[in-house]
Amino acid sequence: MRHCSEVSASVERIVADRLAGQFPGRIEPRLLPALMLAAWHRALEPWTSADAARQDRAALVRHLREAFAAIPAVAALAAADS
């Protein structure tokens, strides 16, 4: 948990630096690591499934791209619900 927290804090700092004051005091930059971690977990599911013996590095990259590509649709779903 500590490592995850440290990595999340590092990503938050990077996002804050890159957005340079665009979201002062707002939660959006802090949610980004959680969203990224959720996408990572979803990509790992098929890669570590019962067929994992047939899953190589290229398959993991493909699963990661699919999961991260779904993030805009997830954000749109969240926005539509509010």
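1. A salt bridge is taken here as a side-chain nitrogen of Lys or Arg within 4 Å of a carboxyl oxygen of Asp or Glu, and by this rule the count comes to 2 salt bridges. The structure is a predicted model, in which local features need pLDDT of at least 70 and side-chain atom pairs count only at pLDDT 80 or more, while totals for chains, interfaces and linings use all residues. Residues are numbered from 1 along each chain as its sequence is written, and side-chain values use heavy atoms, with hydrogens and water left out.

2. Arg2 forms a salt bridge with Glu6, with 3.0 Å between the closest N and O atoms; both residues lie in helix H1, 4 residues apart, about one turn of the helix. Helices are DSSP runs (H or I, at least four residues), numbered from the N terminus. Arg2 is exposed at 67% relative accessibility, whereas Glu6 is partly exposed at 41% (buried means under 20% relative accessible area, exposed over 50%, partly exposed in between, with a 1.4 Å probe and protein chains only).

3. The other pair is in helix H2, where Arg42 and Glu45 lie 3 residues apart and form a salt bridge whose closest N and O atoms are 2.9 Å apart. Arg42 is partly exposed at 46%, as is Glu45 at 45%.

4. In H1, the buried residues are Ser8, Val11 and Val15, and they pack against helix H2 (28-47). On the other side of H1, Arg2, His3, Arg13 and Asp17 are exposed.

5. His63, in helix H3 (residues 57-69), is buried at 12% relative accessible area. Leaving aside neighbours within four places in sequence, His63 is in contact (heavy atoms within 4.5 Å) with Ala43, Pro46, Trp47 and Gln55.

How values were computed: Helices (H or I, at least four residues) and strands (E, at least two) are DSSP runs, numbered from the N terminus.
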